[in-house]
Amino acid sequence: MEMNRRSFFKRSVFTLGTIISVFGFPYLAWAEKKKFKTTLTKETTTICPYCGVGCGMIVSTRDGKIINIEGDANHPINEGSLCSKGSALFQVVSNERRLDSVLYRAPGSANWEKKDWAWTLEKIAKNIKDTRNRTFVKEKDGQIVNRTDGIAQLGGAAHDTEECYLFSKLARALGIYWIDHQARLCHSSTVASLAATFGRGAMTNHYNDLQNSDVIMVMGSNIVEMHPLASKWIMKAKEKGAKIISSDPRFTRTSSIADIYTQFRSGTDIAYVGGMINYALQHDRIQKNYVVNCTNASFIVNDKYSFNDGLFAGYDPIKRKYNKDFLKYELDIEGNPKRDNSLQDPRCVFQLMKKHYQRYDVKTVCNTTGTPEEKYLEVCDLFTSTYPEDKSATWCYAMGSTQHTVGVQYIRTYAILQLLLGNIGIAGGGINALRGESNVQASTDMALLFHILPGYLASPSPDDVDLKAYIEKYTPKSKDPKSANWWGNYSKYITSLLKAWWGEHAQADTEGGYCYNYIPKKSGLHDHIHLFENIYKGKIEGLLAWGQNPAVGGPNSEKEREALGKLKWLVVAELWETETAQFWKRPNVNPADIQTEVFLLPACASLEKEGSVSNSGRWAQWRYAAIHPGDPDWHGDARSDLWIVDALFKCIKKEYLKNPGVFPDPLLKLNWDYGTGDEIDVNREPNAHYVASEINGYFIENGQRKGQVPGFAKLADNGSTACGNWIYCAGYVNWSDAEGIDKTASNYVKNELGEFSNRYAKRIAEKDEPKAQQLIAEGRAPGMNLNWSWCWPVNRRILYNRASVNQEGNPLNPTRWVIRWNPDLAEGKGAFEGDVPDGPWAPGEKHPFIMNEEGVGRLFSAKLNDGPFPEHYEPLESPISKNPFSGQMINPAIILLHQGDDLNKELNNVGSNNKFPIVATTMRLTEHWQAGAMTRNLPWQAELMPDLFVEISHELASIKDIANGDRVTVSSARGEISAYALVTRRLEPLVIMDGTTKCTVHQVAIPWHYGYAGIATGDSANILTPHVGDANTNIPEYKTFLCNIKKA
Amino acid sequence: MGFLIDNTKCIGCRACQTACKQWNELPAEKTKFFGGEGYQNPKDLSGSTYTLIKFHEVIENDKLKDWGYWKKQCQHCLDPSCKYACPTGAIEKKEYGPVVWDDTKCLGCPDCREACPFDIPRFEGNLNPKIRKCTMCYDRLEEGLEPACVKACPTGATIFGKREQLLSIAEQRLASEPQKYHQYIYGKDEGGGTTVLYISSFELEKIGYPNN
C-alpha cells in the first residue's frame, strides 16, 4: 500500500500531541532544529523478511531513498513493535555489501569477474540445456520417468510466494527432481507428522491466538528468541493468568518468562512427552467426549499389530523398513473401521496406546531425560489440567523438535497429547509449529520439495504410469457417509494444476492425461542430504541455489562444501556474497583446484519487489516495492528473483527453439506469460499479480480464461479450471466475488487481466471492525482478524474448528468460541459464524477432521515409516550405551549413510561416547537469522552478536579448565570448530541412568549462524553435525550429536 | 513524561538497541565477544550507543533462579545534576521530560558525565567532542510519536507516559503480584527522582545501579 504520510506512520501516535503543545514545542535543543526525518516521505507497507511471524512494517522513502523503517502500528500481529532484526531492516538496503552486479567465476579462477545479465543468462541457459540434454532420462525399467538426473535446485523459503511458484513450475518443466529447500531442513517433519495425524501439515492456530491459551507449553522451540513478536501474545496471555512452561536443554530467553522451567537431555523428548501421555491416561485427564468423537481412540486395530522390545509388527531388519499392512484397522461389513465407543476393547487404539505408554513411568522417563521428578510432575499436572472443555493449552515447537532422527514422532507425541486433552480446533489450543522463515510456509505449499507438487499433491513415482493410475493411487477412500474425506477431490486439484502449467496443450488424452507425463518421476529419496551425497559422488553436475546457503546451513557442512567443488556449474541468486557463493575461495582451499563455474546473481530484498508471503499461521500477506530500479538506493543490476526466473525461462526456451535438444515439449509448451513479452528486458518486471491470479486459478472456456475460480470447491477435473495451487484458491479472486464495493480498498487491483480482489492485501484489523467486536463481546475468541490479509484454506484461521462445537453446533467453550451455529443466518437455513468452519455442512453432519478419510484425528497413525505410536529411541550419537525403553538403540527405520557405499562413508564418521562424551545441540539467536547472510552483513546486528560462542556450564568449564571468554575448540567425528566459551548457569550437568549406572551428562549449545563471509564471521557449527535424518522426511539430526571440548 | 521499564516483561531481544540506532542514525560499533554477562554487546554506552540491554543471571543457593535483563539509558532526571555541572549551560531539562542539550554550546568536557549519578553521558568525536546520550527521541515526541525504543518493544516492557501515571501503574503491578516483583520502584527517588522508572524481579542495586 503506498499512501501519503500520516496515513500509517502517524496513526501510530502516542497520545502526546496536546501535552506537547502545552509545553510549547517546537524548541531548539540542537543548534539547528532538524526537519522531522519522515516529513514528506512516501509510505509503503511491507512484511518483515526474517522469521515466520509476519510482522508489518512501514517503509518511508523520499526520492527513491529509504529514510526510515519501523513497525506498522495498525498491523494486528506486531502492533508496531519489531525485534532487533526487523528494526535493522534499513541496513539490508542501505548496505555497501549488497551485490550490485552479476559476478562470474570461471573454472579454476581465483577471482570474480563482473558480467551483464544478457551474457550471464544465456550462458546459464546453455549450461542447463547442455546438462539436461546429456542427463535426461525418458524411461527407466520400461516406465516413463522424464527426468533430468544432472541438475539440482535449492531454495527458497525467503522468496515471495509468486517466485516460489515459478521456481517450482520451471524446475518441473526442466525435469528437475533433485529439488529441495530450507523446509526440508526445518519443518519437513512437521508436515509429515501433522498431516499423518490431523490431515494437514500446518500450524493449527496463529500467533494472535496465543492470547487465548491457559497454558502455553514451549518445548522444542525457543519462541521468545526465534519468534520475538510471538512474545507480545504470550505476554497478553500471561496478563490474563496463563501459565508458561519452558522445557529445553538450556535455560533460554523463553525460559526467563516461563512459570516453570525444566531442563532435559537433548534427544529424549519422546520419553518426556510419552510420560505426559501416560500421566494423562493414568490420571484420567482426558476429554472423554472429544476422544470418542474426534479421534480414532475407539477404532479397532487388526490383530497383526504388535509391539515388542522397541519394534512394531512388520519390521524388516535388512531393509530397515516396516510393512504398513500390519497397521490396519479391523473393518466391518460395510468396510468402515470397527469401533468400541466404550474404549474398553483391548485392541482399540485407546487401549493399545495406554499399554504402550504405561512403560513411560515417571522414574524411567526422568532417568532418561535427567529432569528432576518433582519438576517433571509439575509440568505433567499443569499441562494436563487443560482437559476440561473450557480450558485450552497450546504446544509451541520448532527446530528443537523437528531436527532429530525421530523428529516426526516427537511432534506426534504433542499431537496425541493435545487430542487426548481436546485441545485441537479450539482457540488457545493447537499445535503451533513455529516457522523461522518469512515464507517457508508458502515455499512448502508451492512444493519446492522433491516429494510433493503444489498443494501437497504427491510427486509421482515411475509406477504411477498415467494420470488415471496416479489419481487412483493417491485419492483416499471412505465408506463412512459422515466422513467428508476432502482429499476425495484429488483429481480436481492435480488436473487443474496440470492445466495451469501446460494450458491448452493439456488435454484429457495428451501425454498420460493433461500432460501428466511432463512431471518428472521420483525414485526414492531426493532430499537435501541425498542431494549433497549425490553431488559428492559426481552424479549431479549443476545446482541452482535460490537464496539458500548450504555451506553454512547444511548438515555436515564441510562435506557439503567439498561436494560443491565437484559441481560443473553453480548458480547462486543472492543479496550478498554468501559462503555458498564463495565456497571456492573459502579458508584452506586453493581456488585453482576447484573447477566449478559459478554464477552469482544479484537479487532484490523483500522491500524492493512486490508479492506475497505466508506466515506460519498461514496468513498470506502482500508486500509492495518501496524502491525501484534506478532509484538512488537501488543496488545497480539487482533484480527480483521473479525477474530472474522469468528471464531465465525465456533464455532457456530460446535455446530450445534454436535447436530442440532432448524432450523439449514440457518447456516449449509451458504456460508462461507474466507480462514481459518474449525478450529479456532488464527494465520490465514480471507482474506478480499475474502469477498470484494463476496460483488462485481461473475458469477456462473454449481455451480462454474466464474469470477467477472463487474457491477450491469449484475446481474441476475435466479441464475447465486451471489452478496453480488449490489451497490458495480463494485468495485472489474476481473483484465482483469480493466483499465490498470500495475500489479504494487496499485489495482492489485492476490490470490487463481484469479487476480483482487481492485478498492478501486486505488491511482491516479486527479492532476496527464493529461486527467482529460485537462477536468478541459475545464470547468469540479474539485475534482472528478475518479481514486482515487472507489465510489458507479459505481464510480459516483455526484449523479443525469443527472439533470446537458439539453435534448441535454449540461451542464447547462458550467464553472463547471459534465457530457457532446461528440458525437465523442464510435466510433461516442456518450457518456457522465466527471463523470460517471446516466445510459448509450443518452441525453433526460430518466428522470434524475433514482431511482424514476416517474423519477424526489419529492417535494411532499408519501413515508413517517408523510406527503408529511414538517410541523413544536414542539419537544416532548418544551419551549412553543402552536405550532405557527397549533393545532398539536408534530409530530402526532411518537410513545409515555411514554404513552405505564408500563415497557415502567418506566424511560421514559417527562418534562414540568414549571419544565424544558431551551432548551438543545447535541453536539460534534472536540477533541473527538462519545461515547468517541477512544479519551478519548488517553492522547493527554484527555489533550485537559479533562472534561464535559455545554455551557451557560452570561444572564442565571447571572440569576442562575453561574460563568465560576463553577460546575453545569443539570437536565431533566430522570436524572441529573454534569458538569463545560462554560459561553460564543456564546449563547444568544432568544426572541420568545408563542401564543401572548413574552417570552425569554435560551438554553444550552452539549457534549455527556463522560462516566465513560477512562482517561477523566464525566457524560454522554445522561442521560438527552429521548427515543422518528422520525415517520419514530425512530431516537432519542437527539438534543432538556428540562432541568434545577443550581450551584452545 | 517518562519511561516505565518492567524487567519482568523484558525478553532481552534488544529491539530497543537497534531501533534507537535506526531512528537516530547511529553507526554500529566494531564489537567482539568480551566475556560479559549473557549476550551483552557493545560493552558500554558510547557516542553511538544510547541504550543498552544488560543481562543478569540471578543466582540463589548456587543455582540459577532467573535470567534478567535491564535497559541502560539516560534516566532523564527530574532535576539533573549534569545540567548544573555543565560550564556553558548547554544542557537543558525540558519540563515535559527529556534532558537535552545544545551542540553549539557543548565543549565536550567531562563535567556532565562526572556529575551524573548513573554515568550516562558519552561523547562523540575526538577533536571536537560533543555530548551524546538518549534524547528521549524528542523529535518524535514533537510529532506525537513515542520514542523509537518504546515503539519497538515487543512486549510492552518499556512503556511511555506521564510520570505520575507510570508511578501508579508501577505501584499497581507491585501490589498485584508481590511474589513476582522486588517491592521497589527504582527512579522514584534516585537521583532526586528520574523520569525513567524501573520495576524488577531483582534488586537493581545488586547489579551496579547506585543506591539512592
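The contact between the two chains involves 52 residues of chain A and 51 residues of chain B, two residues being in contact if their C-beta atoms, placed from the backbone, lie within 7 Å. The model is a predicted one, in which local features need pLDDT of at least 70 and side-chain atom pairs count only at pLDDT 80 or more, while totals for chains, interfaces and linings use all residues. Residues are numbered from 1 along each chain as its sequence is written, and chains are lettered from A and ligands numbered from 1 in the order in which they are written. On the side of chain A that touches chain B, two or more residues are given by each of α1 (17-22), β4 (65-71), α2 (84-87), α9 (230-239), α29 (939-944) and β38 (976-984) of chain A. Here helices (H or I, at least four residues) and strands (E, at least two) are DSSP runs, numbered from the N terminus. The largest share of this side, 5 residues, is supplied by α29(A). By residue class, the side of chain A that touches chain B comprises 30 nonpolar, 13 polar and 9 charged residues; Ala, Val, Leu, Ile, Met, Phe, Trp, Tyr, Cys and Pro count as nonpolar, Asp, Glu, Lys and Arg as charged, and the others, Gly among them, as polar.

Chain A contains 30 helices and 42 strands. The C-alpha trace of chain A spans about 85 × 75 × 70 Å along its principal axes. Of the 1048 residues in chain A, 64% are buried, a residue being buried if 20 or more other C-beta atoms lie within 10 Å of its own, exposed if 12 or fewer, and partly exposed in between, with C-beta atoms placed from the backbone. Among contacts in chain A with a separation of 6 or more, 74% join residues 24 or more positions apart.

Chain B has 6 helices and 10 strands. The radius of gyration of chain B, 17 Å, is close to the 17 Å given by the globule rule for 212 residues, so chain B is as compact as a globular protein of that length. Along the principal axes, the C-alpha atoms of chain B fill a box of roughly 50 × 40 × 30 Å. Buried residues account for 50% of the 212 residues of chain B, and 56% of the contacts between residues at least 6 apart in sequence join residues at least 24 apart.

Two helix pairs in chain A share α10 (residues 269-282). The axes of α10(A) and α14 (residues 373-384) of chain A come within 10 Å and cross at roughly 60°. Axes are lines fitted to C-alpha atoms, for helices over the stretch in contact, and angles run from 0 to 180 degrees between N-to-C directions. The crossing of α10(A) and α14(A) is right-handed; a crossing is right-handed if the near helix is turned clockwise from the far one by less than a right angle, and left-handed if anticlockwise. A:M276, A:Y279 and A:A280 of α10(A) meet A:C380, A:F383 and A:T384 of α14(A), and the residues of this contact divide into 5 nonpolar, 1 polar and no charged. With α12 (residues 349-358) of chain A, α10(A) packs at an angle of about 125°, the axes being 9 Å apart, and the crossing is left-handed. A:G274, A:I277, A:N278 and A:L281 of α10(A) meet A:K354, A:Y357 and A:Q358 of α12(A); this contact holds 3 nonpolar, 3 polar and 1 charged residues.

Backbone geometry was also examined. Most residues other than glycine have a negative phi, and most peptide bonds are trans. The peptide bond from A:G155 to A:G156 is cis, with omega near -5°, and A:G156 lies in the loop between β8 (143-154) and α5 (161-173) of chain A. A cis bond with omega near -10° also leads from A:W792 to A:P793. In the loop between β32 and β33 of chain A, A:V794 has a positive phi near 40° and counts as partly exposed, with 18 C-beta neighbours inside 10 Å. In chain B, the non-glycine residue B:E25 has a positive phi of about 55°.

How values were computed: The radius of gyration is taken over C-alpha atoms; the globule rule is 2.2 Å times the number of residues to the power 0.38.
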